[in-house]
Amino acid sequence: MKPAQREFDGFIALIESLGIVVRRPDAADYRRQFGTLNWTSRGFCNACPRDSQLVVGDEIIETPMAWPCRYFETHSYRTLLKEYFLMGTHWTSAPKPQLLGDLFDPDFRTPEPGAPISYILTECEPVFDAADFFRCGRDLFVTRSNVTNAFGIDWLRRHLGAEYRIHEAPSRCRTPMHIDTTVLPLGPGRFLINPEYIGVERLPAIMKKWEILIAPEPDPIEHRLLKMTSLCGKWLNMNVLMIDERRVIVDPHHKRTMKATKEWGFELIPCPFLHYAGFGGSFHCATLDVRRRGALQNYF
């Protein structure tokens with residue numbers, strides 16, 4: 001925890017120095033037990049605001065997460081959500097899932113290499129993590145995963161209506177969860193893709209209108225605890241943070257990624273962040289951009 005806290009404090013200081021306003025959730029004791037009529041659990045953490053809340057235009061949507069331990073995670077952000085609502089934000093909560101046994105396939109096994117991808121979730125109710133989506137103006141891209149089912153994608157598509165378009169980018173990861181180690185926009189006209197998790201031929205046609213950049217093989221993380229705790233696996237190097245279409249924050253451990261992004265013409269901002277992996281991922285997971293300057297674009 002101590003090195004993670006040092007890195008996190010350094011990351012906050014860095015982005016504040018770039019003129020970004022940083023807001024923090026309320027503290028919560030996630031060791032406490034909670035439950036519904038049908039199950040009990042203890043909490044996870046509130047280190048990943050991008051998982052539990054999806055910002056689309058002037059709306060913040062609390063997402064219906066599939067893990068019972070994350071059921072009340074957005075309560076840590078309620079002070080901020082109420083403040084944003086009073087400032088004019090549309091605040092929505094997707095239907096709270098029951099999370100009963102029939103949501104999970106009891107016969108699920110992780111697919112063998114080369115076998116068709118299968119998912120632990122059934123389609124009995126809509127669930128999704130916001131981190132399985134990313135936005136490019138009026139277009140949203142999503143990966144179906146072990147925390148986002150087709151029902152959840154359909155719910156969001158119907159909720160947003162004709163003003164926004166949702167496109168599915170299927171992953172061939174055997175344990176898919178969250179899109180930011182599969183495909184990530186680096187700015188208007190450029191996508192970064194993971195060659196292990198997705199092939200260019202499987203990208204939605206609309207994505208092929210942009211330049212496709214292939215993520216380099218990641219530098220290995222040898223630290224035993226970090227290898228074990230990283231939810232993003234070996235492709236943590238893709239989890240960078242774009243400040244704008246030119247500047248990108250990258251962990252200096254990922255030397256191949258830094259070299260590639262520099263060759264692609266980006267301005268690198270190095271920031272150590274490896275120890276955050278034990279709490280959910282990297283830069284993209286640790287942040288939720290609530291407001292950006294400029295107008296909503298229509299890129300496609």
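## D251, a buried aspartate

D251 is buried, at a relative accessible area of 5% (buried means under 20%, exposed over 50%, partly exposed in between, with a 1.4 Å probe and protein chains only). You'll find D251 in the loop between β13 (247–250) and α6 (255–263); helices here are DSSP runs of H or I with at least four residues, strands are runs of E with at least two, and both are numbered from the N terminus.

This is a predicted model, so local features need pLDDT of at least 70, side-chain atom pairs count only at pLDDT 80 or more, and totals for chains, interfaces and linings use all residues. Residues are numbered from 1 along each chain as its sequence is written, and side-chain values use heavy atoms, with hydrogens and water left out.

## Who D251 touches

Setting aside neighbours within four places in sequence, D251 is in contact (heavy atoms within 4.5 Å) with M258, C271, P272, F273, L274 and F283.

Which backbone nitrogens does the D251 side chain reach? One belongs to H253, at 2.8 Å, and another to F273, at 2.6 Å.

## Two residues with positive phi

Most residues other than glycine have a negative phi. L99 has a positive one, near 55°, and lies in the loop between β5 (90–93) and β6 (133–136). L99 is buried, at 6% relative accessibility.

H178 also has a positive phi, near 80°. Its loop runs between β8 (165–168) and β9 (183–187), and H178 is buried at a relative accessible area of 9%.

Notes. Polar contact = N/O pair within 3.5 Å; in protein donor to acceptor, adjacent residues only side chain to side chain.
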